[in-house]
Amino acid sequence: MSPASPDHISYRPKQNYLIVHHITLIIRSHYTTSTRVMAAQGTTLFSPYKMGRFNLSHRVVLAPMTRCRALNGIAGPALAEYYTQRSTPGGFLITEGTLVSPTAQGFPHVPGIYNEEQTEAWKKVVDAVHAKGSIIFCQLWHVGRASHQVYQPGGAAPISSTSKPISARWRILMPDGSYGTYPKPRALEIYELPEVVEHYRQAALNAIQAGFDGIEIHGAHGYLIDQFLKDGINDRTDEYGGSIANRCKFLMQIVQAVVEAIGADRVGVRISPAIDHLDATESDPLNLGLAVIERLNRLQLNLGSKLGYLHVTQPRYTAYGQTETGRPGTEEEEAHLLRTWRRTYQGTFVCSGGFTRELGMEAVAQGDADLVSYGRLFISNPDLVLRFKLNAPLNKYIRKTFYTQDPVLGYTDYPFLSNGGGTVQPLSRL
Ligand SMILES: Cc1cc2nc3c(=O)[nH]c(=O)nc-3n(C[C@H](O)[C@H](O)[C@H](O)COP(=O)(O)O)c2cc1C
């Protein structure tokens, strides 16, 4: 099947309308692609970009990263320091995954945004980032089955699309720093889903109340929404399982609810159809990605307004610090997936995963991405934007402090160029 084939979604009713609609989308996406590529020529990571209402001065985005420094779910001064260190005038930051409800947690000391105390605490972080001129979106997260009874209210089983646990190949970080096995989750009943959707909606409203410029819906990397999207996990026999259309339903209900609450241009969506982190395998990642994208396109058309952006994790072999993808794929195959999704999506396209300065420059120059999000390099280089601008050497990141709770060590103590950083070897490739 060709990548842009209209029959990758199992629609049945209104077929004629949909075929015409799909052909329109294909023509439009080809037109947009060629204009985009023309527009991208001469574009660098330092070319300004207008993302809806937001005027970005460059295209180096802070990727969302869980750092486990929000003691008891509260975003305290350590987070304010961490995010302001990475702020630049006209820069764009996405926060770490932030809990939408008490059942959303699967890591120690991650921040929440479902109650007043958490929301109030975020205000100080957001204000500090705004004072440095950056735009900041809050990533809304529910881990689903990637949790443990110790993180759940009343010691209950974690919730998911399924009652199958994550395999023993993956380990969960426990509150005491040890690693455990993932327990058997409880499959959500249909009647419970609206309440989960409501948690996202309320969390989005709380984020706006905290002063965030917008939110990102975390639909990637094997967490709750991905547990509905992927056929390697979702074994439901009801209207939320089976066909790609059914598996997209939960995500789209969340997107719809959040967009209605805070406006489309303040909503980003993250997906990773080709990443099998936490057993999130998919037999047809290309068409799953296209199905989500076409639904987002349609929503945008219906609303007459664009979403903030679509954020896709590059299925590069080492992209997520994991090498057990099961289907590594070649660089060409991966580029094909990304380009097909990029061509089809009618809006701002953000890429993430294994990007160096050089690869990021290439991606924006070739029109493969509007913005590039950087994770690990941004952990160890708070002034990554300046270093990229100067093509200066980079600090190496220290993996063992990624998820520890020290408010400084491996968090806010990486040196800036201006105070002696940059004496270590540059990374040519992650
Ligand atoms: C320590 C760490 C924590 C992460 N936490 C999140 C997260 O909370 N939400 C998310 O969507 N991705 C998360 N990611 C994935 C990153 O956003 C990013 O896509 C990934 O690190 C690949 O980009 P990189 O090669 O530039 O590091 C995390 C990655 C790392 C290294």
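In this predicted model, the aromatic rings form 16 pairs, counting rings whose centres lie within 6.5 Å. One of these pairs joins Phe107 and Tyr403: the ring centres are 5.4 Å apart and the planes meet at 40°, so the pair is tilted. The two residues come from distant parts of the chain, 296 residues apart. Phe107 sits in the loop between strand E4 (92-99) and helix H3, while Tyr403 belongs to the segment after helix H11 (384-390). Phe107 has a relative accessible area of 13% and is therefore buried, the limit being under 20%. Tyr403, at 32% relative accessibility, counts as partly exposed.

A second pair is made by Tyr374 and Phe388, with 5.0 Å from centre to centre and 70° between the planes, an edge-to-face arrangement. Because Tyr374 lies in strand E14 (residues 371-374) and Phe388 in helix H11, this pair ties together parts that are 14 residues apart in sequence. Both Tyr374 and Phe388 are buried.

Phe107 and Tyr403 also belong to an aromatic cluster, which they form with Trp141, Tyr223, Tyr397 and Phe402. Elsewhere, a charged side chain meets a ring: Lys249 lies over the face of Tyr240, 5.7 Å from the ring centre.

In soluble globular proteins, nonpolar side chains tend to be buried together. Here the largest nonpolar core has 109 residues, and Tyr374 is listed with Tyr83, Ile215, Phe250 and Trp341 as having the most contacts inside it. The element that gives the most to this core is helix H6 (residues 244-262), with eleven residues. Leaving aside residues up to four places away in sequence, Tyr374 touches, among others, Leu45, Val60, Leu62, Met65, Phe355, Leu384 and Phe388. Its contacts also include Thr356, Arg357 and Gly360.

Helix H4 (residues 193-209) packs against several elements, H6 among them. H4 has 17 residues and reaches 25 Å from its first C-alpha to its last, close to the 24 Å expected at 1.5 Å a residue. Its buried residues are Leu193, Val196, Val197, Tyr200, Ala203, Ala204, Asn206 and Ala207. An α-helix has 3.6 residues a turn, so residues three or four places apart point the same way. Besides H6, the buried residues of H4 pack against helix H3 (116-131), strand E5 (135-141), strand E10 (214-219) and helix H5 (224-229). Just after H4, Gly211 takes a positive phi of about 100°.

Note on methods
Residues numbered from 1 in each chain as written. Predicted model: local features only at pLDDT ≥ 70, side-chain atom pairs only at ≥ 80, totals over all residues. Heavy atoms only, no water. Core = buried A, V, L, I, M, F, W, Y, C linked by side-chain atoms within 4.5 Å. Buried < 20%, exposed > 50% of the residue type's maximum accessible area, 1.4 Å probe, protein only. Helix = DSSP H or I, 4+ residues; strand = E, 2+ residues; numbered from the N terminus. Contact = heavy atoms within 4.5 Å. Expected span 1.5 Å × (residues − 1). Phe/Tyr/Trp six-rings, centres within 6.5 Å; stacked < 30°, edge-to-face > 60°. Lys NZ or Arg CZ within 6 Å of the ring centre and 35° of its normal.
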